[in-house]
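Here is a short briefing for a first look at this protein. Keep the sequence and the 3D view open as you read.

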Amino acid sequence: MEAQALVQATFISVSPPLINPLPKNFLPVFVKSPVHTTVRRGRVVASATALKQEKDPKKRVVITGMGLVSVFGNDVNTYYDRLLAGESGITVIDKFDASKFPTQFGGQIRGFNSDGYIDAKSNPRLDDCQLYCVLAGKKALEDAGLGNDEHSKIDKGRAGVVVGSGVGCFTKLSNGVQTLIERGHKKLKPCFIPCGLLNMGPAKLAMDLGFMGPNYSISAACATSNFCFCAAANHIREGKVDLMIAGGVEASFVPLGFAGLSAFGALSTRNDDPKTASRPWDKDRDGLVLGEGAGVLVMESLEHAKKRDAPILAEYLGGAVNCDAYHITSPRSDGFCVSSCIQRSLVNAGVSVEKVNYINGHATSTIIGDLSEINALKKVFKNTVGIKMNATKSMIGHCMGAAGGLEAIATIKAIQTGWLHPTINQFNQEPGIEFDTVANRKQQHEINVGVKRAEFIPSLTKLDLGSFKFIKIESELGFFRAFCIKFELDLSKI
């Protein structure tokens, strides 16, 4: 059994300049516009911490593209615009007959169309999980200025893909088992095993692109995307690759998975009002709402990005990892490992607690989990004045292995635009939250340092911390001006 693990940005104990090997449950750190940003990584020692700036452009890892498949469509800007509008993507399930299930709704993707990004022969063979991976990956490359016409700029022997999933190809597996039971083994298709493998999504993406660098999947439940980001960064820092596509994907809406989560007691049963079912930090929350999709980033060395004049959206800094070695689902009641992981990651990033003024919470709308998260955060952020915290899951549901990817994109967009999306369905907030949860309406906010939280295995009664991501703002005016003009912000405040 795998013990609950904690992932937090900015801890890896480093002997500069490399972070190696990839630790278990690792948290990424992103920084906006790296050209003038100070990046520090340190070795955590008993009572003293030495911080060191990372200046080598070969080992600085930047984000140059974002791609997704979401309940709001496949375009990053549309996705964030609908989040800013406070729109709920939760609807009644129609992928299968859910009328006999205790929960009959979720953040289901409807009308998915690969838009010519996937060849007609492969399209019907692949699981939805794999289709989402390929489409999001190609969209991210386009966003990075590396669409089909620009592939020649990539050394394909030094480009790879690491995209993971919490449960993998559930649809293929479920359908295959049903065929075996009802029709016998001779009716199973030859592609059942190869097209049902977890790593077939990144493999297909690499085959389409000709990427011959590292290619694999990581499965770590809700921390999956963060594992992949950190693994990709390590490959770049080791000098093995110039560019990686990394993130997470999930296609959750199959009867078997839904039945399992229902048995687990994790899902909201608010069938009479699905759009208000995901209500993090609200007194009347009754469980999480399942979602699905994909969120991936293009990550490359700063040196490589600058050589090709790439759009630099953020910088990955580092991370921290620990494990409470306690229970497969239950966390330590004192929250010690959670808070210490946060603190170590801040040390590694060279960021003081006082500079943090934004948190994108994991906030699954579970009864005990939401408060456990708040209590752990308050151990570190003792003064919550000026800190805003929102919950993307209030609108798209819990996308499991894709959650970290989709919410990392939302966090980066918050920094780029200066607008925080609301936490919707805040009707009767729990007392003692103390953070400004951006309730029901978007807010303009100049972010200094932002934190992205994620849990490992959410339930109604237990909190398992999965991973954090940090994003630090930087005042490179040219970059901000482009976004500020678009969103009509006050440039004098930048």
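Gly247 has Val296 as its bridge partner in strand S11. That pairing belongs to a set of eight bridges that join strand S10 (residues 243-250) to S11, and the two strands run antiparallel. The model is predicted.

**Strand S11 and its partners**

- S11 covers residues 293-301. Nine of its nine residues are buried, so the strand is largely enclosed by the rest of the structure.
- S11 also pairs with strand S5 (residues 61-69). Eight bridges join S5 to S11, and they run antiparallel.
- Within S11, Ser301 stands opposite Val61.
- Is Ser301 buried or exposed? Ser301 counts as buried because its relative accessible area is 5%, and the cut-off for buried is under 20%.
- Which residues does Ser301 touch, leaving aside neighbours within four places in sequence? Its contacts are Pro57, Lys58, Arg60, Val62, Ile236 and Asp242.

- S8 runs over residues 159-165. Seven of its seven residues are buried, and the strand is mostly covered.
- Both faces of S8 are covered. On one side, Ala159, Val161, Val163 and Ser165 are buried.
- S8 pairs with S10 in the parallel sense, over seven bridges. One of the residues in this pairing is Gly160, whose bridge partner in S10 is Met244.
- S8 also pairs with strand S9 (residues 215-216). Here two bridges join the strands, again in the parallel sense. Val162 has Tyr216 as its bridge partner in S9.

**Helix H5**

- H5 holds 14 residues, 224-237. At 1.5 Å a residue, the helix should span 20 Å. Its end C-alpha atoms are 20 Å apart, which agrees.
- How many residues of H5 are buried? The count is 14 of the 14, so the helix is largely enclosed by the rest of the structure.
- Gly239 follows H5. Its phi is positive, near 80°.

**At the surface**

- Leu173, Val177, Leu180 and Ile181 form a nonpolar patch on the surface. Together they have about 370 Å² of accessible area.
- Leu180 is found in helix H3 (residues 170-183). Leu180 is partly exposed because its relative accessible area is 43%, and that class lies between the cut-offs of 20% and 50%.
- Asp272 sits in the loop between helix H6 (255-264) and S11.
- Asp272 is exposed because its relative accessible area is 70%, and exposed means over 50%.
- Asp272 and Gln104 are 168 residues apart in sequence. In space, the C-alpha to C-alpha distance between Asp272 and Gln104 is 9.7 Å.

**The protein as a whole**

- The protein has 12 helices and 19 strands.
- Of its 494 residues, 61% are buried.
- Among contacts between residues at least 6 apart in sequence, 79% join residues at least 24 apart.
- The protein exposes about 18500 Å². Carbon and sulfur atoms supply 52% of that area.

Conventions:
Residues are numbered from 1 along each chain as its sequence is written. This is a predicted model: local features need pLDDT of at least 70, side-chain atom pairs count only at pLDDT 80 or more; totals for chains, interfaces and linings use all residues. Side-chain values use heavy atoms; hydrogens and water are left out. Helices (H or I, at least four residues) and strands (E, at least two) are DSSP runs, numbered from the N terminus. Buried means under 20% relative accessible area, exposed over 50%, partly exposed in between (1.4 Å probe, protein chains only). Contact means heavy atoms within 4.5 Å. Accessible areas come from the Shrake-Rupley method with a 1.4 Å probe; for residues, only the protein chains shown count as cover. Patches are made of residues with over 30% relative accessible area and no salt bridge: like charges are joined within 9 Å, nonpolar side chains (Val, Leu, Ile, Met, Phe, Trp, Tyr) within 5 Å. A salt bridge is a side-chain nitrogen of Lys or Arg within 4 Å of a carboxyl oxygen of Asp or Glu. The expected span of a helix is 1.5 Å times one less than its number of residues. Two strands pair if DSSP finds at least two bridges between them.
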